[in-house]
Amino acid sequence: MIGVFKKRQVLFLIQLIVFTLLLFTTHTYLQYYFSDSIEQFLPLWKIYVFNVFVTAIIYTVINYKYSFGQTTIFILFMSMTLFKMVLTILFLLPLFFSSSEVKKIAVFNFFIAYFFFLFFEILSLTKLLKSRV
C-alpha cells in the first residue's frame, strides 16, 4: 500500500507543480498587463505558495487514508475543506484589517487562484477515487 501511496503522491505533486507554474505565469502576465502601476498588498507568489501548500496537504491526507483502506472519505474531505476555509480567513485577515485601498484587487487575485486550485484538487481527488473502481 505504501508504494501505491507514494506513486500517486509523486504524480500528483508533479501535476500540481506544472499546473501552478502555468497558472502563476498566466496570472503574473495578466496582472502586469492590466495593473502594473497598482501596488499589491499581497504579492502573487505568496498567494500561490499558500494555495499549493493547502492543496498538497489536503490531497496528501486523503490519499494516505484512501491508500490504507478507508474508502469513505467524504467526511474527511469536508472537514479538510472547512480547515482550508479557516486557513484562508487567517491568511486574508491582515488584508481585511488594513487600510489599503487595493483590497478588492487583492481579494480578487486571491480568489482567482483559490478557485483554480480548488477545481484542480477536486479533479485530482475524483481521479483518485475512480482509480480503485
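Leu92 is buried, with a relative accessible area of 2% (buried means under 20%, exposed over 50%, partly exposed in between; 1.4 Å probe, protein chains only). This is a predicted model: local features need pLDDT of at least 70, side-chain atom pairs count only at pLDDT 80 or more, and totals for chains, interfaces and linings use all residues. Residues are numbered from 1 along each chain as its sequence is written, and side-chain values use heavy atoms, leaving out hydrogens and water.

**Leu92**
- Leu92 lies in helix α3 (helices are DSSP runs of H or I, at least four residues, numbered from the N terminus).
- Leaving aside neighbours within four places in sequence, Leu92 is in contact with Leu42, Phe110 and Phe111 (contact means heavy atoms within 4.5 Å).
- The C-alpha atoms of Leu92 and Ile47 are separated by 9.8 Å, and the two residues are 45 apart along the chain.

**Nonpolar core**
- The largest nonpolar core has 28 residues (a set of buried Ala, Val, Leu, Ile, Met, Phe, Trp, Tyr and Cys residues joined through side-chain atoms within 4.5 Å).
- Helices α1, α2 (44-67), α3 (74-96) and α4 each supply at least two residues of this core.
- The largest share, ten residues, comes from α2.
- Ile47, Tyr48 and Ile62 have the most contacts inside the core.
- Ile62 touches Ile73, Leu76, Phe77, Leu125 and Leu128, not counting residues up to four places away in sequence.
- In soluble globular proteins, nonpolar side chains tend to be buried together.

**Aromatic pairs**
- The structure holds 18 aromatic pairs (rings of Phe, Tyr and Trp, the last by its six-membered ring, with centres within 6.5 Å; planes under 30 degrees apart are stacked, over 60 edge-to-face, the rest tilted).
- Phe19 and Phe117 are edge-to-face, because their ring centres are 5.5 Å apart and their planes stand at 90°.
- This pair links distant parts of the chain: Phe19 is in α1 (residues 2-35) and Phe117 in α4 (residues 103-131), 98 residues apart.
- Phe117 is buried at 0% relative accessible area.
- Tyr114 and Phe115 also pair edge-to-face, with 5.5 Å centre to centre and 85° between the planes.
- Ring pairs join Phe12, Phe19, Phe24, Tyr48, Tyr59, Phe117 and Phe120 into a cluster.

**Charged residues**
- The charged end of Lys84 sits over the ring of Tyr114, 4.9 Å from its centre (NZ of Lys or CZ of Arg within 6 Å of the ring centre and within 35 degrees of the ring normal).
- Tyr114 counts as buried, at 7% relative accessibility.
- Glu121, in helix α4, is buried at 1% relative accessible area.
- Apart from neighbours within four places in sequence, Glu121 is in contact with Thr55, Ile58, Phe77 and Lys84.
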